[in-house]
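Hello,

Here is the structure I promised you. Please open it first, then read my notes below.

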Amino acid sequence: MDRNSLTFTDNEIQEQLKSSNHLLTIIDEIVDWSRIRVFLQPTDSRNKSHYGRDCYNPESILRVLIIKELYCLSDRQTEENIRYNILYKWFCKFSFNAPVPDHATICRWRERFIQHNIFEKIFKDFYLQLNEKGYGIKKGTVIDATIVKSVARPRKTSIIDINKSADESAGESEVTVTTETSKDPDATYKIKGKKIDYGYQVTAATDENGVIMYLDTTPANEYEGSQLPKIIKEIKPTAGTTVYADKGYSSAINRECVTTNKLKDGIMIKKAKNKDMTEEDKEHNKAISEKRYVVERAFGTMKRRLNFARSIYFGLRRTYNRNLFIGFIHNLLRAPNLPRESCVQS
């Protein structure tokens, strides 16, 4: 029997929970889960010959991971909360009498999703869902980058072992130097002014309503301005759309890329060395800064509410996937506050 099968009592309780105005019931209504299930099919092991403890419905596990990130829980905390919280069980579609996945199972499924690029697929598809349903998607591409610190210690440590030889009277000894590197070798240093961070750089592009359209994670020392052509190629903004970005993206290559793609230049002007900015340039930058706040608000929301300021995993691959999942959850949180209107493709 499928451990995710629901009883009559489960269905009765679920009908009552559906009427509540809780965030999880709202998310359940917004997402088109039938499309998500298509992406999850390659991870489903229930149709295999073996039937072990990992044979859960992959959609239920994805919902478990949503709860984990939405409420900033560890794997162990997630296991415990789902076991005793009726609303969480309802959202994850677990029978109230059935066992829930333990923390080790949650960890294994997360790795399985990473192997099949599930987080990237659902991040991109959910933005398309919002477009198709007319959830206030607006024109405009707002680009910015932020630093996500590594969970690992950055510095190299040299351990010196001095082993006395048998002939101590001669004063001889063996010196062994062991260099201990960081457990997160993919992370790098980012030096900006007097501030030094060790971790990763996350570049995002939102529309003018703050919905994240694009999210990428690179080592922290990568030049953020180099991402603009890649973003335009990925999201393909409609001709005439304005691309907003700060002074870090002010380069001849980026401006040419914007013009070549028939987009409007909303990149802030960088002050030339030993020259004062004109009043016209200052007004230009001020007008752009009034549009750019939406991407900074997105970063702020993710750092404040979704534990985004510091990576919780080692390595670029895991950090990249986790950041995409956080971007997906940010859009889940943003969607209920968007007006339903005629869809405008960005």
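K282 and E279 join their side chains in a salt bridge, at 3.8 Å from N to O. A salt bridge here is a side-chain nitrogen of Lys or Arg within 4 Å of a carboxyl oxygen of Asp or Glu. Both residues lie in helix 11 (residues 279-305), 3 residues apart, about one turn of the helix. Helices are DSSP runs of H or I with at least four residues, strands are runs of E with at least two, and both are numbered from the N terminus. K282 is partly exposed, with a relative accessible area of 42%. E279 counts as exposed at 55%. The cut-offs: buried is under 20% relative accessible area, exposed is over 50%, and partly exposed is in between (1.4 Å probe, protein chains only).

A word on the source. This is a predicted model, where local features need pLDDT of at least 70, side-chain atom pairs count only at pLDDT 80 or more, and totals for chains, interfaces and linings use all residues. Residues are numbered from 1 along each chain as its sequence is written, and side-chain values use heavy atoms, with hydrogens and water left out.

The structure holds 21 salt bridges. One of them ties E79 to R83, at 2.9 Å from N to O. These two sit 4 residues apart in helix 5, so about one helical turn separates them. E79 is buried at 13% relative accessibility. R83 is partly exposed at 34%.

K230 and D216 also form a salt bridge, at 2.9 Å from N to O. This pair links distant parts of the chain: K230 is in helix 9 (residues 228-235) and D216 is in strand 6 (residues 212-219), 14 residues apart. K230 is partly exposed at 45%, and D216 is buried at 8%.

D28, R37, E59 and R63 are linked in a network of salt bridges.

Now the helix packing. Helix 8 (residues 118-133) and helix 12 (residues 316-334) pack at about 25°, with axes 8 Å apart. Axes are lines fitted to C-alpha atoms, for helices over the stretch in contact, and angles run from 0 to 180 degrees between N-to-C directions. That angle makes helix 8 roughly parallel to helix 12. Angles under 35 degrees count as roughly parallel, over 145 as roughly antiparallel, 65 to 115 as roughly perpendicular and the rest as oblique.

Which residues of helix 8 meet helix 12? They are F119, E120, I122, F123 and F126. Their partners in helix 12 include Y320, L324 and F328. Contact means heavy atoms within 4.5 Å.

Best wishes
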